Amino acid sequence: MLSRAAATVGGMTITDEDCLPETLAFNEHFEAAAASRPARGQVPSPAVLALLRRNRLGGDTPPVRLPHGRDRVVEGGVKVRVFVPDHADGVYLHIHGGGWAFGSADGQDERLWRLAEQARLAVVSVEYRLAPEHPFPAGPDDCEAAARWLVKHAAAEFGTERLLIGGESAGAHLSVVTLLRLRDRHGITGAFRAAHLLFGPYDLSMTPSQRSFGSRQLLSNTDAIRGSYELFTPGMGQEQRRAPEVSPLFANLTRLPPARIVVGTEDPLLDDSLFLAQRWQAAGAPVQLGVVAGAMHGFTLFPLTITERELRRERDFLAAA
């Protein structure tokens, strides 16, 4: 086993090997507790979906709402939650995860407020419409509208035109889709200086790692991913889900900003990040790829050493971009 904090294996840099015992022990504990959690290996029932929406992502209690957040409605009727520190050097458009079917803009107030203060960023989190009530393209439409609003109004609203974008899981997917829509529909390139993409799905026809992960009861697995796609893109077949507007891995990725792409080695979406990083760089933009040893999908939701490290890396990347 590699003993360094970061090591290169087969050309891929794997970080946080020194934390592997803690990380793997947490994964085992999480799997052991699977019987007490809502089933994620199938399309959720209305009751399970309601429970997942009520509770914090990855947890069994409601999220904490901080008074620092302000709920607003911007152009197009899109709801956002805004965190503004005393001084903002930029604006981060944040898009939450949750399989396009749960999660919320107020689901990570503590993390987003800490990011706002430490990176000196105004954070605008999008309350996009959720599947199955609002399937594709409703969520992407809302994220696109919020991004266009920032492009037009960030200077007046926050005193800066330095824009950044990113999110986790489904939010990472929607971040890339939003950048592509800005470029292809509105001719907007360069407005967003960087993208921060945590463990996203970029091929909704399913990459090899998605298909082969199996039924391990971590935060996500093969059946849970397939169920999320059925909710988000009902009625679509595999070929339809390969369309670039649905699966950005198949899109033309030229004229996109520098990116930081992060995934864990125990994530069924591992291939998605590896493949996207390769294509992003080949299209001409700088890429930082982080592969975290032993980390499962959604690991930043949990109190782990690798979480604190990753949130620090995220802050440093966004502050410097």
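**Entry: ground rules**

I noted that this is a predicted model, in which local features need pLDDT of at least 70 and side-chain atom pairs count only at pLDDT 80 or more, while totals for chains, interfaces and linings use all residues. I also noted that residues are numbered from 1 along each chain as its sequence is written, and that side-chain values use heavy atoms, with hydrogens and water left out.

**Entry: the whole chain**

I read off 10 helices and 10 strands for the chain; these are DSSP runs numbered from the N terminus, with helices (H or I) of at least four residues and strands (E) of at least two. For 321 residues a compact globule would have a radius of gyration near 20 Å, and the chain agrees with this at 18 Å; the radius is taken over C-alpha atoms, and the globule rule is 2.2 Å times the number of residues to the power 0.38. Along the principal axes, the C-alpha trace spans about 50 × 45 × 40 Å. I then found that 56% of the 321 residues are buried, a word that means under 20% relative accessible area, whereas exposed means over 50% and partly exposed lies in between (1.4 Å probe, protein chains only).

**Entry: helix 3**

I listed the buried residues of helix 3 (residues 109-119) as Asp109, Arg111, Leu112, Trp113, Leu115, Ala116 and Ala119. Among the elements that cover these buried residues I found strand 4 (78-83), strand 5 (90-95) and helix 10. Arg120, which follows helix 3, has a positive phi near 55°.

I turned to Glu310 in helix 10 (residues 305-320), which is buried with a relative accessible area of 1%. The side chain of Glu310 makes a polar contact of 2.4 Å with the side chain of Arg260; the term stands for a pair of N or O atoms within 3.5 Å, of which, within protein, one must be able to donate a hydrogen and the other to accept it, and residues adjacent in sequence count only if both atoms are side-chain atoms. Leaving aside neighbours within four places in sequence, Glu310 is in contact with residues including His196, Val262 and Phe299.

I placed Thr207 in the loop between strand 8 and helix 6 (208-212), and Thr207 counts as buried because its relative accessibility is 1%. The side chains of Thr207 and Asp272 are joined by a polar contact of 2.7 Å.

**Entry: His186**

A polar contact of 2.6 Å joins the side chains of His186 and Glu144.

**Entry: the backbone**

Most residues other than glycine have a negative phi, and most peptide bonds are trans, so I looked for departures from this. The peptide bond from Ala131 to Pro132 is cis, with omega near 5°, and the one from Phe136 to Pro137 is cis with omega near 15°. Trp100 has a positive phi near 65° and counts as buried at 2% relative accessibility. Arg255 has a positive phi near 60°, but counts as exposed at 56%.

Terms used
Contact = heavy atoms within 4.5 Å.
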